[in-house]
Amino acid sequence: MLALKQSLDLTATKKLGGWVPTDESSLLAWYKKDTLISTVIGKVDVWGDSSTNSHTMEQADNNERPTLSSQRVHFDGGDNLQTTTQMTLADEFVIGLRIDFTETNNGTFLGDNTSANELFKIQSSNLIRMKNANGLRSFTLPSGDFDDDYIVIARDSSNDLYLYRNGAFAVTGGSSLSGDCLIDTIGARNLDTNGFTGDITEIQIYNSYSTALISK
């Protein structure tokens, strides 16, 4: 997990061994630390996509804009950013995030604000939940709580689910879960509900799975 840790580290997004996320043909979206972010009076109205797919996250309503502080995008439970271009993870995927869960025990950090039952959320201090039209699965830490972490959530070709925390394998998602996972929003789910409270520094989304990618 060293290279993914390097990319999602709080200090900076850097190359390690010459690798960067854009080297991956399966890179679907990349909300890069302190990059392509515009603000209006300290509130984020745009977080651009550093991949080539133009899944730009935006918020026109000033009351629903997160704030930018110390290179972190802070969501207060009523904020969200949304793209007009649908992201669909039909099969395999890898999602990497640098995220601080310390302020919330129940909030959606990635979801879909135009379709019901599509979300990745912190359910409680030690449990992250994933849900799509086919059901829900939970990642429960065997010990400790989620904190200021970098997280990798992945699904392989058998639809088995895995969560890595701070560079180490943490837990499976129990039984497999197939079907499309829809994403168009950071910080909420349909419809503007179950908002996330906390900081998000970076998000990478890939529509493939491999141990090599996870190791990066």
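This is a predicted model: local features need pLDDT of at least 70, side-chain atom pairs count only at pLDDT 80 or more; totals for chains, interfaces and linings use all residues.
User: Why is D49 called buried?

Analyst: Its relative accessible area is 7%. Buried means under 20%. The value of 7% is under that cut-off, so D49 counts as buried.

User: What residues is D49 in contact with, leaving aside neighbours within four places in sequence?

Analyst: D49 is in contact with L28, A29, W30, Y31, L36, S54, H55 and T56. Contact here means heavy atoms within 4.5 Å. For W30, there is also a C-alpha separation from D49 of 5.3 Å, with the two residues 19 apart along the chain.

User: What makes the D49 and S51 side chains a polar contact?

Analyst: The distance is 2.8 Å. The cut-off for a pair of N or O atoms is 3.5 Å, with one atom able to donate a hydrogen and the other to accept it. The D49–S51 pair is listed as a polar contact. A polar atom of the D49 side chain also lies 3.0 Å from the backbone nitrogen of H55.

User: How many aromatic pairs does the whole structure hold?

Analyst: A search finds ten. One of the pairs is Y31 with W47.

User: Why is the pair of Y31 and W47 called edge-to-face?

Analyst: The ring centres are 6.0 Å apart, and the planes stand at 65°. Rings pair if their centres lie within 6.5 Å, and planes over 60 degrees apart count as edge-to-face. Both values meet the rule, so the pair is edge-to-face.

User: What does the pair of Y31 and W47 tie together?

Analyst: Y31 lies in strand β1 (residues 27-31) and W47 in strand β3, so the pair ties together parts 16 residues apart in sequence. Y31 is buried, at 0% relative accessibility. W47 is buried too, with a relative accessible area of 0%.

User: Which residues form one aromatic cluster?

Analyst: The cluster consists of F75, F101, F109, F146 and F196.

User: How do you know that the radius of gyration of the protein chain agrees with a compact globule?

Analyst: For 216 residues, a compact globule would have a radius near 17 Å. The protein chain has 16 Å, so the value agrees. The C-alpha trace spans about 45 × 40 × 35 Å along its principal axes. Of the 216 residues, 50% count as buried.

User: What is the secondary structure of the protein chain?

Analyst: The protein chain has two helices and 17 strands. Of its contacts with a separation of 6 or more, 62% come from residues 24 or more positions apart.

Key:
Residues are numbered from 1 along each chain as its sequence is written. Side-chain values use heavy atoms; hydrogens and water are left out. Buried means under 20% relative accessible area, exposed over 50%, partly exposed in between (1.4 Å probe, protein chains only). Rings of Phe, Tyr and Trp (its six-membered ring) pair if their centres lie within 6.5 Å; planes under 30 degrees apart count as stacked, over 60 as edge-to-face and the rest as tilted. Helices (H or I, at least four residues) and strands (E, at least two) are DSSP runs, numbered from the N terminus. The radius of gyration is taken over C-alpha atoms; the globule rule is 2.2 Å times the number of residues to the power 0.38.
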